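Good morning, and thank you for coming. I would like to take you through one structure, beginning with a single detail and then widening the view.

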Amino acid sequence: MKLSEIIGILQAEVLYGEDLDRIEIKQACGSDLMSDVLCYSMQGSLLLTGLTNPQAVRTAEISEISAVCFVRGKKPPAETVDLARKNDIPLLLSKYSMYIACGKLYSAGVLGCDDRCE
Amino acid sequence: MIAANKNSQFTKIQELVYELKVAEVMTTNLITVSSDTMMSKLRSILRDNRISGTPVVKGGQMVGLISVEDFINWLSRGGVDCPVEEVMSIEGLLQELQIDYHEEEIHRYRASHFFEDMIADKVTINFHYHIRGKKIEQGGEVASDLKRSLKRLGIHPAIVRRAAIATYEAEINVIIYAEEGRVDVNVEPDVIRIEVRDRGQGIADVACAVEPGYSTAPDWVRELGFGAGMGLPNIKNCARDFDIASTVGQGTTLKISIPTGGEEKRCA
């Protein structure tokens with residue numbers, strides 16, 4: 001699914017990102033535990049998280065996650081956005097809680113990283 | 001683009017289409033015209049072959065595309081006979097694309113043949129990094145730098161990702177538990193060896209520490225998204241060989257190796 005469609009579903013604000021139509025999201029994962037993300041996320045995923053510090057973006061960079069969406073309207077600090085800009089990783093902000101955001105995407109057909117492994 | 005069906009599930013066929021590459025379905029037996037083919041001849045070429053356009057070739061290189069649309073535009077301008085190269089529309093763009101592609105090819109060649117181009121009985125490339133303890137905001141900088149460097153060596157992206165994940169976790173451990181540490185990476189054509197050494201508090205029970213979920217991390221670390229007891233298990237999961245030695249009060253040395261040509265160990 002195109003990232004621009006995901007933005008619509010999550011009614012998300014774009015904190016950083018250009019040309020979002022070109023980004024294809026293959027699957028998504030939701031977690032505040034970065035080790036879990038590093039362990040089971042897949043390249044080309046969307047990360048949904050409540051963790052707004054730069055480590056969320058760093059984790060995305062290291063595990064080749066295509067975009068990060070912060071849930072429950074939590075605005076990240078400037079250094080998080082700076083790191084995203086440096087690595088060209090789009091950042092979204094959704095008002096939905098983690099559970100609702102994941103549920104909306106899953107029912108729209110965005111599979112989880114573990115679904116794709118089966 | 002194929003949308004998910006009513007049940008929001010992907011069928012096997014849809015899944016297959018997603019995995020299918022252009023190269024597997026494209027036409028390879030192409031009908032082409034040379035750049036000096038006259039427009040008056042083009043109509044019969046398009047009609048006889050039932051095609052709506054064709055690549056234009058000059059000296060063995062593709063220089064443009066000529067389509068039915070170009071043909072109609074030519075007719076509307078009066079249809080004065082001329083070579084197709086005067087009518088085709090995307091010549092400039094195509095040449096630009098070709099230059100880009102050529103540059104990418106050169107870059108890829110340089111990268112992936114790096115080791116093959118070196119003449120020696122054994123080639124090893126070393127990277128050294130320093131980690132400053134307690135600087136959580138810098139956590140991952142070493143992994144990020146290493147990732148870029150390994151990519152430049154032309155190592156497979158899945159292997160680079162694995163090395164970066166292991167290094168990131170190890171880096172976070174050093175930041176949490178030690179004053180400082182160092183990362184030494186040796187890259188050989190078939191294996192990446194990573195050693196992370198710190199002068200920190202050490203691990204009292206190494207066997208426990210490698211169990212998933214075991215953690216002694218303080219709260220400030222957990223608030224940053226780490227410290228859930230998955231660091232060492234993750235590193236182990238990324239590595240082929242995994243060795244950890246620790247002395248309480250002195251520090252910890254972690255050694256792992258990741259084969260560069262191996263199959264993906266995990267599904268990720």
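This is a predicted model: local features need pLDDT of at least 70, side-chain atom pairs count only at pLDDT 80 or more; totals for chains, interfaces and linings use all residues.

Which residue is the bridge partner of Arg132(B) in strand 5 of chain B? The partner is Glu180(B). Residues are numbered from 1 along each chain as its sequence is written, while chains are lettered from A and ligands numbered from 1 in the order in which they are written.

Strand 4 and strand 5 (residues 178–188) of chain B pair in the antiparallel sense over eight bridges. Here helices (H or I, at least four residues) and strands (E, at least two) are DSSP runs numbered from the N terminus, and two strands pair if DSSP finds at least two bridges between them. The sheet is open and has five strands in the order 4-5-6-8-7 of chain B, with antiparallel pairing. Its edge strands, each pairing on one side only, are strand 4 (125–132) and strand 7 of chain B. From one strand to the next, the twist averages 10 degrees.

Strand 8 (residues 251–259) of chain B pairs with strand 6 (residues 191–200) of chain B over eight bridges, in the antiparallel sense. Within strand 8 of chain B, Lys255(B) is the bridge partner of Glu195(B). Strand 7 (residues 241–247) of chain B also pairs with strand 8 of chain B, antiparallel and over seven bridges, and there Ser246(B) stands opposite Thr252(B). The hairpin of these two strands has three residues between them, and Gly249(B) takes a positive phi near 85 degrees.

Helix 7 of chain B lies across strand 4 and strand 5 of chain B, at about 165 degrees to strand 4. Axes are lines fitted to C-alpha atoms, for helices over the stretch in contact, and angles run from 0 to 180 degrees between N-to-C directions.

Next, the contact between the chains. On chain B, 24 residues are in contact with 26 residues of chain A; contact requires C-beta atoms, placed from the backbone, within 7 Å. Helix 7 (141–152), helix 8 and helix 11 (231–238) of chain B are the elements that give two or more residues to this side of chain B. Helix 8 of chain B provides the largest share, five residues.

What of the interior? The largest nonpolar core has 75 residues, and those touching the most other members are Leu47(A), Val68(A), Cys69(A), Ala163(B), Ala164(B), Ala166(B) and Ile194(B). Helix 8 (residues 157–177) of chain B gives the most to this core, with twelve residues. Such a core is a set of buried Ala, Val, Leu, Ile, Met, Phe, Trp, Tyr and Cys residues joined through C-beta atoms within 7 Å. A residue is buried if 20 or more other C-beta atoms lie within 10 Å of its own, exposed if 12 or fewer, and partly exposed in between, with C-beta atoms placed from the backbone.

Finally, a loop residue. Arg50(B) lies between helix 3 (39–49) and strand 2 (53–58) of chain B, and has a positive phi of about 50 degrees although it is not a glycine. Arg50(B) counts as exposed because it has 6 C-beta neighbours inside 10 Å.

Key: Two residues are in contact if their C-beta atoms, placed from the backbone, lie within 7 Å.
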